[in-house]
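Please look over the chains below before reading on. The explanation then takes them one at a time.

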Amino acid sequence: MSDTGKIVIGLIVFLILMTFPIWYNIVNGVTPIQDPEIATQNVPGKNQCVRPVEYMRAKHMNLLNQWRDEVVRRGDRYTEGPNGELIEKSLSNTCMDCHSNKENFCDRCHNAMAVDPYCWNCHIMPSEAAETEMAMSTTPEEEN
Amino acid sequence: MIEKALQGGKSYWTLIIILLAVIGVGFLAYLRQFAEGLTVTGLSRDVSWGLYIAQFTFLVGVAASAVMVVLPYYLHNYKLFGKLTVLGEFLAIAACIMCMTFIFVDMGQPFRIPNVFIYATPHSVMFWDTVAIGGYLFLNILISRVVLGSEHKGIAPPKWIKPFIIISIPWAISIHTVTAFLYSGLAARPFWMTAVMAPRFLASAFSSGPALLIILCLILRKYTKFDPGREPIQRLAVIVTYAMAINVFLILMEIFTAAYSGIPEHLDHFRYMFFGMEDAQGVMRTNLVPWMWTSSILAVISLVLLLVPKFRAREGLLALACITVFFSLWIDKGMGMIVTGFTPNPVHTVTPYAPTLIESLITLAVWGMGALIVTLLYKVALTMRKEVEPVRYRD
Amino acid sequence: MGIDRRKFVKVAGLAALGFAARPPIRAFGQEITGESLEIRESKAGELLSGAVEEIKRAPHPPKNANRWAMVIDLRKCREHQDCTACIDACHKIHNVPSYPKPKDEIKWIWKEHFNHAFPDADHDFIEEEVKHSNALLLCNHCDNPPCVRVCPTQATWKREEDGLVMMDWHRCIGCRYCIAACPYGSRSFNYREPKKFLEEQGIKPQPDFPTRTRGVVEKCTFCEERLARNLWPACVEACPYNALTFGDLDNADDPVRILLHDNFTIRRKPGLGTQPEVYYIV
C-alpha cells in the first residue's frame, strides 16, 4: 500500500481546511458582535416600534415583504401603530425615521449573520437622501 | 452511461479543452455583465432585444428540428433514420439548454426568473414559452436516456416510452409556434405582426436544424467510426431542401406584402435591413445591410446546391449547402428578424444596434457550452453503440 | 403680463360667445339633471368666457376616481417650447438618472417632434407652428394595455379600481417583453445601476421615492404614490401654464371630460385598440 502516505497527508490537509474557521478565530481573536442601536434618531412622539420587539427580531423580513405587497400591489398604505395611530407602511419613511442609521442598526446583525438584503439597492437611507421641499410624508389625516 | 464521455483519445480531449477555454473566457465576460448590468451590451432604450434573444430564437428552431428525424422513424416506421434519432434528440437537448442559458444572460434580474413560475401568468405568451421549452427538454432527456439505455442492453425500449415519443412530435412543433407567438402577437411591432411568422419559424427550423445534423453526421463520419449511412443523409437533405424552399418562399411573401402595399410602417423595416435608413440626426445607418444581403446570397446558393439532385448527391457540395443554409438562416432569424423589429422604433426613428465585445464573448461561450454538451452526449451515444449494434424499436 | 391686440380681440370674441352660449347650454343641461346642470354651466361658462387660464385646478385630485386620464393642451406647450417643467419635476422626485449615453437613457415623460408623436396625423400642409412643435409623451395608461398582457410575472398590471397601469419593481425580472409590446415607446430599462450613478454624480436622491435597481423596466405611474396622498401628479402640479389636466373620466363634470367635450382631441395610434387614456389638444 504505497499510497498510505499520500492518503494520510490528504486527510490532514482536509482536516486543517475544514476546521479553518475555528482555529483562525482562536489565533486572531474574535470581535464581539455589537448590539444594534435601536433608535438612532429620537422622533418626537415615537418611543416604540410599530410592532413588538420580539416579533420584529423574528419576523421583520416577513413584515416588510407583506407591507411591500400590500402597498405596491394593493395600494393599502396604512396600518395601525402600537397606540392606535395611523402608520405608513414604508421602510424609508417609517422604519428609517427612527432607525435612521443603517450601519449602526441594520448592518450590525446582518453583517454578523452574513445576510445581504437588497432593500437598499433601491430604497433610500436617510444618510444618502437629499433635503426635500415636496411634501410627501403626510398621512391622510394631516391633509385637510 | 455518462462515464462513457470520459473515454476518449487525444483529439477528443483537445476539443473539450478548447471548448472549456471558450466557455471560461465568456464566463468571465458574464461576470462583468452581472456586475455592471446590461449596459455593457449594445442594447439601448429602443433596441431592447439583441444578440442574446436572436440566438435564443434561432436555437429554439434547432431544438424543434429533432422532430424531423423522430417523426418519420416513429410515426411512419421509416427505418433509415434509426441511427439518427438519438443524435437528433441529443442535439435538441443541447439546443434547449443553450436557449435557457441565452435567456438567463439576457435577463435584467436573472435570479428572479422563478417569479415566472411562482406568479404564473396564463395570458402571457412568455410563460407558455418557458413551459414549452422546459417540457421539451425534459421529454428529450427522458426519451434519449430510455431508448439509448435499452439499446445498450440489447432489448427493445419499454412500451411506456412510446406515448412520450409521440407527444414530443406535436410538442416540437408547438415550441417553435409559441416562440413565434412571442413576436407575432405584438401590435406594437408591425414588422413582426404577421400570420406568417409561425410558419416561417417552422420552415427555417426544419431547414437549419437538419442541416446542422447533416454537418454533424459528416463530421462524425470523418473523425469517428460512426457512419449513419449515405441514404439517411440524402433523405435528410431532401427535408432540408423542401424546408428551405418553403422558408425562402415565405420570406418573399413577406417582402411582397410590404413592398406592394407600400405602407411605411411595414416597408420601412425592410428598407432599413436591405438599404439602410437615416437616424434622427440624419446619419445614414446601414449596419444590417451587408448581413442581410449576405444572408440572401447564401440562401440562393444553398437552394441551387440543394435543388439540383446532382449537386445534392455529392456529399462535399451537400456539406457546403448545409453550411450556407445554416449561416443564412442564422443571420436572417437572428440579426435580421429581432433587431429589425425594433428599427424603426415606435416613434419612427432609427437607433442602430451592434453587439459589443462582451456580448459577443458571452454569446460565443454559450455556443461553446452547447458544442460541449453535443460533444459529450454524442461521445456517450457512439461509445455505447460501439459496444452493441443499434436495436430497431419494435412495437 | 402684456396682452397684445390680437389676443384681446380673441378674448373679447370668446367672451361674447360665452354669453351667447348660455341659453343653449341651459337647454341642453336641463335634459340631464338640475344639479349637474348648474355645475356644467358654471364650468363651461368659465371655460368659454375665454380667460387664458380657464378651468382652475382644484387643490386636490378627486378621491375614489374610477378611470384616471390626462388631457394635454399642446397649444400651451407650443407657446413655451423651451419649457421642461413637467419633465424636470417628474424626473427629480422619482430619482430618474440622466445618463450620458443615449442608449442607457431613462425617461418617464419626454418631448418628441410632432411628426414622430403623431405620424398618422402628419402631412405637408400642417400649419408651420404645429408641424415643428414638440409633443409631450408619456405612458398612456391604456385601458387595454398590451404591456400588461405580455408580462410573465404580473410585475406590471392594470388596477381595476382606477385604470392605472402600475409597476412592481420587486417582481420585475427584466425580460423587457413589455418594452417590445408597448406601441408608444413609453418604457425604459435600467441598463445601469441608478443609485451608483447618482452617487458618482454627487446627486442626493429624493428620499420619499426609491430609486429602481438595474435590470428592471420603469415608466410613468401617474404618480400613484402622490395620488394615494391626494396630491396631483408631479407633472400636472409643476406645469406653470396649466397645460396638463388630470382627472376622472368616469365623472361627467370632471375637467378632463369637459375639455374632451369642448375640444377635438387625438390620441396616439388609436387604431391599435389599446385605448390610450392620454388625450392631446393639438
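The paragraphs below go through chain A, then chain B, then a sheet in chain C.

This is a predicted model, in which local features need pLDDT of at least 70, side-chain atom pairs count only at pLDDT 80 or more, and totals for chains, interfaces and linings use all residues. Residues are numbered from 1 along each chain as its sequence is written, while chains are lettered from A and ligands numbered from 1 in the order in which they are written.

Start with chain A. Its secondary structure comes to 6 helices and 2 strands. Helices (H or I, at least four residues) and strands (E, at least two) are DSSP runs, numbered from the N terminus. Along the sequence of chain A the pattern is α-α-α-β-β-α-α-α. Of the 144 residues in chain A, 9% are buried. A buried residue has 20 or more other C-beta atoms within 10 Å of its own; with 12 or fewer it is exposed, and in between it is partly exposed, the C-beta atoms being placed from the backbone. Two residues are in contact if their C-beta atoms, placed from the backbone, lie within 7 Å. Among the contacts in chain A with a separation of 6 or more, 62% join residues 24 or more positions apart.

Chain A averages 84, and 87% of the residues score at least 70. Over residues 134-144 of chain A the pLDDT is below 50, and this stretch has 13 contacts in the model beyond near neighbours in sequence. Where pLDDT is low, the predicted coordinates should not be read in detail.

Chain B is divided into domain 1 (1-184 + 356-390) and domain 2 (191-201 + 210-355). These bounds come from an automatic or database domain assignment. The C-alpha centres of the two domains of chain B lie 21 Å apart. Across the boundary, 40 residues of domain 1 are in contact with 35 residues of domain 2. On the domain 1 side, the elements that give two or more residues are α2 (51-64), α4 (85-106), α7 (161-184) and α14 (357-387) of chain B. The largest share, 8 residues, comes from α2(B). This side divides into 18 nonpolar, 17 polar and 5 charged residues. Here Ala, Val, Leu, Ile, Met, Phe, Trp, Tyr, Cys and Pro count as nonpolar, Asp, Glu, Lys and Arg as charged, and the others, Gly among them, as polar.

Chain B also touches chain C: 31 residues of chain B are in contact with 38 residues of chain C. On the chain B side, α5 (115-118) and α6 (125-153) of chain B are the elements that give two or more residues. The largest share, 3 residues, comes from α6(B). The chain B side holds 15 nonpolar, 13 polar and 3 charged residues.

Now turn to the sheet in chain C. Four strands form an open sheet in the order β8-β1-β10-β9 (chain C), with mixed pairing. Two strands pair if DSSP finds at least two bridges between them. The edge strands, β8 (244-248) and β9 (265-266) of chain C, each pair on one side only. Strand β1 (residues 68-73) of chain C runs antiparallel to β8(C), joined by 5 bridges. There W68(C) stands opposite D248(C). β1(C) and β10(C) pair in the parallel sense over 4 bridges, and I72(C) has Y280(C) as its bridge partner in β10(C). β9(C) and β10(C) run antiparallel, with 2 bridges; T265(C) stands opposite I281(C).

Terms used
pLDDT is the predictor's confidence in each residue, from 0 to 100.
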